[in-house]
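Keep the structure open beside you as you read.

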Amino acid sequence: MMTDTIADYLTRIRNAIKAKHRIVEVPASNLKKEITRVLYEKGYILNYKFDDSTIQGTIKIALKYSLETKQSAILNLERVSRPGLRKYVSSDKLPRVLNGLGVAILSTSKGVLTDKEARQLNIGGEVLCYIY
């Protein structure tokens, strides 16, 4: 039994980037689908597809690389909140990743949002991960 599925999701993406893979396949869940949607909207991944042919389903993620330098759009993925130590922040203490160049993904009462969106809506939540 896996206890931290979000950490597994981020590790699969991190390993695929290090191996220079174009596509990575991860088991699906509603939270992972929302995190994938945020990654796509912010331009960190090229595309994604939900495959519901099995009971759990999978998410196929097409990773984004620079044409000239062959470097990934994602430089670092960092898990913040984990099952043993949850990290919650209020709206006035929302984190800034690399002075606004990166993205913090939060799970809020309004759904999965970035730190900038949560700041605009003036809501806090659980900080899931940092991406830059």
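**A helix with paired charges**

Glu41 and Arg37 sit 4 residues apart in helix α2, which is about one turn of the helix. This is a predicted model, in which local features need pLDDT of at least 70 and side-chain atom pairs count only at pLDDT 80 or more, while totals for chains, interfaces and linings use all residues. Residues are numbered from 1 along each chain as its sequence is written, and side-chain values use heavy atoms, leaving out hydrogens and water. Helices (H or I, at least four residues) and strands (E, at least two) are DSSP runs, numbered from the N terminus.

- Side chains of opposite charge can pair when their charged atoms come close.
- A salt bridge here is a side-chain nitrogen of Lys or Arg within 4 Å of a carboxyl oxygen of Asp or Glu, and the structure holds 6 salt bridges.
- Glu41 and Arg37 form one of them, with their closest N and O atoms 3.0 Å apart.
- Through salt bridges that share partners, Glu34, Arg37 and Glu41 are joined into one network.
- Arg37 also meets Glu34 in a salt bridge, at 2.9 Å from N to O.
- Because Arg37 and Glu34 are 3 residues apart in helix α2, about one helical turn separates them.

**How open these residues are**

- Glu41 has 47% relative accessibility, so it counts as partly exposed.
- Glu34 is partly exposed at 31%, and Arg37 is partly exposed at 23%.

- Lys33 and Asp52 meet through their side chains in a salt bridge of 4.0 Å, N to O.
- This pair links distant parts of the chain, 19 residues apart: Lys33 is in helix α2 (residues 30-41), and Asp52 is in the loop between β2 (45-51) and β3 (58-63).
- Asp52 is exposed, with a relative accessible area of 56%.

**A residue in strand β7**

- Thr114 belongs to strand β7, which covers residues 111-114.
- Is Thr114 buried or exposed? Its relative accessibility is 2%, so Thr114 counts as buried.
- Contact means heavy atoms within 4.5 Å.
- Setting aside neighbours within four places in sequence, Thr114 is in contact with Val38, Lys42, Val103, Ala104 and Leu106.

How values were computed
Buried < 20%, exposed > 50% of the residue type's maximum accessible area, 1.4 Å probe, protein only.
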